[in-house]
Amino acid sequence: MKVLVATEKPFAKAAVDGIREIVEKNGHTLALLENYTDVNDLYKAVADADALIVRSDKVTKEVVDAAKNLKIVVRAGAGYDNLDLEACTAKGIVAMNTPGQNSNAVAELIMGMMIYMARNQFTPASGTELAGKKLGIHAFGNIGRLVAKYGQGLGMDVYVYRPTGGTVDAPGVTQVATVEELYSTCNYVSLHIPANDKTKKSIGYDLLSKMPKGGTLINAARKEVIDEEGLAKAFAERTDLKYATDVAATTHADLVKQFEGRVYATPKKMGAQTSEANINAGLASANQIVNFFATGDKTYQVN
Ligand code: 3PG
């Protein structure tokens, strides 16, 4: 079988080497398409692939249609909003993710972004400390759990809201019953919700306006969950609010201009961009594909 790794934002070399080893050891062949800028290159590369590994690369209906032999696509990562699941299902293609494999990298970046904002984006003006502040975790998946733990390590009081229900089983963490309570309680809120029809544009004026003085929203999830107009309205009314994101808003340049010093985005989405995360997610993808072909194992199927 031919396994294509198509990554507009490439994995670390060690991850690619590891993927190659797993694929070839199991009698398959590996093809690589890295750093592509033209989607036509993806259509061409995927044409005869039996399996596909991607990161945030969009696997649209067009990609699926171009892939005549495709049986499985694995999103090396957690969020799979970049996969057209309907198109995959219609063609009998199994879609998977690799939950948890890159969580630590994202959680560490979130802690870095919180400190960066507390210290005025590393400028010498007097900043604030995280210890003693209230940290809100909006959704408690693999990354949320780590951020809660690391927040506690820094002396923060951690609050969690679980949109999907269920009890929070982490020691020392306070579970709140409503999303409004999370935002009105916490100095920092870190987003851990996926982008879907329910969550898109769900974080905006109403929630941000509820935050205590100096309230800081940290978004290493998806830009689509933010109501950018609502955020701008809240920030115009409240000169103390701050926003740091790993996924720049569509209106990022305007926001930075309007709210100088209060809005920050990483230069390019980089939460999962560590060699450890690349190796974990890349190797998991390769193993899932190899097992799928060997035994029909569909663990982590999302469609
Ligand atoms: C994920 O959903 O796993 C993260 O957003 C990582 O995305 P990336 O592979 O594009 O870095």
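Q: What covers the buried residues of α9?
A: The cover includes α8 (205-209), β11 (242-245), α10 (252-258) and β12 (263-265). Contact means heavy atoms within 4.5 Å. Helices (H or I, at least four residues) and strands (E, at least two) are DSSP runs, numbered from the N terminus. This is a predicted model, where local features need pLDDT of at least 70, side-chain atom pairs need 80 or more, and totals for chains, interfaces and linings use all residues. Residues are numbered from 1 along each chain as its sequence is written, and side-chain values use heavy atoms, without hydrogens and water.

Q: Which residues of helix α9 are buried?
A: In α9 (228-237) they are E228, G230, L231, A232, A234 and F235.

Q: Why is F292 called buried?
A: Its relative accessible area is 13%. Buried means under 20% (exposed is over 50%, partly exposed in between; 1.4 Å probe, protein chains only), so F292 qualifies.

Q: What makes F235 and F259 an edge-to-face pair?
A: Their centres are 5.6 Å apart and their planes at 65°. Rings of Phe, Tyr and Trp (its six-membered ring) pair with centres within 6.5 Å; planes under 30 degrees apart are stacked, over 60 edge-to-face, the rest tilted. F235 lies in α9 and F259 in the loop between α10 and β12, so the pair ties together parts 24 residues apart in sequence.

Q: Why is the pair of F292 and F293 called tilted?
A: The centres lie 5.5 Å apart and the planes at 55°, so the pair is tilted.

Q: How do you know that β6 and β7 pair?
A: 5 bridges join β6 (134-138) to β7 (157-161), running parallel. Pairing takes at least two DSSP bridges, so these strands pair.
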